[in-house]
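Have the viewer open and follow along.

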Amino acid sequence: GVGTILVQLLLNRCAHVIATTRSRAGAALLTGLGVPDIEVAHDLDGAVLALSQRGLADHPVTAVVDLASTGEAWATVPGGALAGVRTVVSTRHAAPTHLEAVAGVNVVALADKQTLTRLAHALATGSVHIPLARAVSIDEAVDLLQTPSAGLGKVSVAIREHRYSPDAPRPPERHLARSPELGSNTATTPT
């Protein structure tokens, strides 16, 4: 997701990245992306503690980018907990305002043409890549997107495009539509 792209962009700019994750699987993913320092922390307090301890080492932490925490979670972080940190950036409009000497910055990514072109270039040149959990066919993707328990919000999936020969019979066309009544994605086959 956004975090995997962000750490790669930061590493490409020679930033010293210390990443936090909630699981060993997340740590393995980050290691595969080239992140040199990884802390497994199960909540924001654990992540802040890990980062503050790292701030005492050779590479003090000066900025934190938080892609997951809520304002309520940040409200419980003590004022002096992030010694040396000058900026906390949040993508969830949750940047803390109560931390001493720390600027809280809320950001929103704009998916404009210029940004998407730069991201596409980074993907095409290999300077950024998206680790895929698995590749599925279009039909499998439709079925998976209908199943809330499939967990597709937590993994990246590549959808293989299958080219049909002009003479071969084509399978029925399937559309993915949002069903307000069901509150979920629904596949339909036109009649």
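Leaving aside its neighbours within four places in sequence, which residues is alanine 101 in contact with? With contact meaning heavy atoms within 4.5 Å, the partners of alanine 101 are Val85 and Arg86. Before going on, a word on the ground rules: this is a predicted model, where local features need pLDDT of at least 70 and side-chain atom pairs count only at pLDDT 80 or more, while totals for chains, interfaces and linings use all residues. Residues are numbered from 1 along each chain as its sequence is written, and side-chain values use heavy atoms, with hydrogens and water left out.

Back to alanine 101, which sits in the loop between β4 and β5. Helices (H or I, at least four residues) and strands (E, at least two) are DSSP runs, numbered from the N terminus. Alanine 101 is exposed, at a relative accessible area of 75%; here exposed means over 50%, buried under 20%, and partly exposed in between (1.4 Å probe, protein chains only). The loop between β4 (87-90) and β5 (103-106) also holds histidine 93, likewise exposed at 67% relative accessibility. Its phi is near 50°, a positive value in a residue other than glycine. Cysteine 14, in the loop between α1 and β1 (18-21), has a positive phi too, near 65°, and counts as exposed at 72%.

Now zoom out. The protein chain has six helices and nine strands, and 25% of its 191 residues count as buried. Of the contacts with a separation of 6 or more, 36% are between residues 24 or more positions apart.

What about the inside? In soluble globular proteins, nonpolar side chains tend to be buried together. A nonpolar core here is a set of buried Ala, Val, Leu, Ile, Met, Phe, Trp, Tyr and Cys residues joined through side-chain atoms within 4.5 Å. The largest one has 15 residues, and Val48, Val64, Trp74, Val77, Leu82 and Val88 touch the most other members. Helix α3 (residues 44-54) gives the most to this core, with three residues. Click on valine 48: beyond its neighbours within four places in sequence, it is in contact with Trp74, Val77, Ala81 and Leu82. Another core lies apart, with six residues, including Val7, Val17, Leu30 and Val35.

Polar residues get buried as well. Aspartate 37, in strand β2 (residues 37-40), is buried at 17%, and its side chain makes a 2.6 Å polar contact with that of histidine 16. A polar contact is a pair of N or O atoms within 3.5 Å; within protein, one must be able to donate a hydrogen and the other to accept it, and residues adjacent in sequence count only if both atoms are side-chain atoms. Threonine 4, in helix α1, counts as buried at 8%. Leaving aside neighbours within four places in sequence, threonine 4 is in contact with Leu29, Leu33 and Pro131.
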